[in-house]
Amino acid sequence: MPYDTFDTSQLVLLPLAQRIHDMQLEEVLPLDAEPAGTYPGDELKILAERIIAAKGAGRPVILMMGAHLIKVGLSRFVIDLVERGVISHIGCNGACTIHDYELARIGATTESVARYISSGQFGLWQETGYLNDVVRAGIAEGLGAGEAIGRWIESSHFPHGELSILAAAYRCGVPVTVHVGIGNDIIHEHPNCDGAAWGAASYRDFLVLTHTITQLQGGVLLNYGTAV
């Protein structure tokens, strides 16, 4: 006998316009922003030298990033590194895609767990759930989640699309691979979520990342904003 499952059709999705956002457009830092701190010793210089050496040798520079890079306003810096050819691959989690897309679409992102969890509204926002449809359509074309979402944001001409890391990477031919755990992201609770599509898309991205890793000898792997 199959176990009972939760009926997602019971959920009420509200438009993002009704959400209070904890991050606003003005919090995205400009490229000429003053550094928030200093780095001890020669660590930053050594890192820069190794990145230069990797690029000179034709080896990849991989950025593994969590959503916090976006939430603290660093999107322009990542985009700049992608556009200048410094970063050759970005690996991220599902939260990155959500914040990247929302920022591009409405110029704001991030909701308070404390504010919305008690009312049962946390994560239940109509526009955010469109990512489920994008991934389902993308895997039908053989695209991983990162490429499908980046292509969609780039082609949608959202008001703040210039802040999308995924769109910039798609435009520059830099792979963005999205590595999800089913149930980890707010859009997995939406009625239009297709777990099989997300699994297939994320697995394809895993294979893309694995291919890049096979070329990593002499390259650089950066890991920021995530403990994964």
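**Figure 1. Aromatic pairs of the predicted model.** A search of the whole structure finds 5 aromatic pairs, where rings of Phe, Tyr and Trp (its six-membered ring) pair if their centres lie within 6.5 Å, and planes under 30 degrees apart count as stacked, over 60 as edge-to-face and the rest as tilted. The ring centres of Y116 and W125 lie 5.2 Å apart with the planes at 80 degrees, so this pair is edge-to-face. Y116 and W125 are both buried (buried means under 20% relative accessible area, exposed over 50%, and partly exposed in between, with a 1.4 Å probe and protein chains only). W152 and F158 also form an edge-to-face pair, with 5.6 Å from centre to centre and 85 degrees between the planes. F158 is buried, with a relative accessible area of 14%. Together with Y101, the residues W152 and F158 form one aromatic cluster. The structure is a predicted model, in which local features need pLDDT of at least 70 and side-chain atom pairs count only at pLDDT 80 or more, while totals for chains, interfaces and linings use all residues. Residues are numbered from 1 along each chain as its sequence is written, and side-chain values use heavy atoms, with hydrogens and water left out.

Figure 2. Strands (E, at least two residues) and helices (H or I, at least four) are DSSP runs numbered from the N terminus, and two strands pair if DSSP finds at least two bridges between them.

**Figure 3. Strand 2 and its two neighbours.** Strand 2 (residues 61-65) is mostly covered, 4 of its 5 residues being buried. Strand 2 pairs with strand 6 in the parallel sense over 5 bridges, and M64 stands opposite N223 of strand 6. Strand 2 is joined to strand 3 by 4 bridges, again in parallel. Here I62 has H89 as its bridge partner, and L63 has I90.

Figure 4. Strand 3 (residues 89-92) runs parallel to strand 5, and 3 bridges join them. I90 stands opposite V176 in strand 5, while the bridge partner of C92 is V178. In a regular strand the side chains alternate between the two faces of the sheet. Both faces of strand 3 are covered: H89 and G91 are buried on one side, as are I90 and C92 on the other.

**Figure 5. A nonpolar surface patch.** Y203, F206 and L207 make a nonpolar surface patch of about 310 Å². Patches are made of residues with over 30% relative accessible area and no salt bridge, like charges being joined within 9 Å and nonpolar side chains (Val, Leu, Ile, Met, Phe, Trp, Tyr) within 5 Å. A salt bridge is a side-chain nitrogen of Lys or Arg within 4 Å of a carboxyl oxygen of Asp or Glu. Accessible areas come from the Shrake-Rupley method with a 1.4 Å probe, and for residues only the protein chains shown count as cover. Y203 belongs to helix 9 (residues 195-213) and is partly exposed, with a relative accessible area of 49%.
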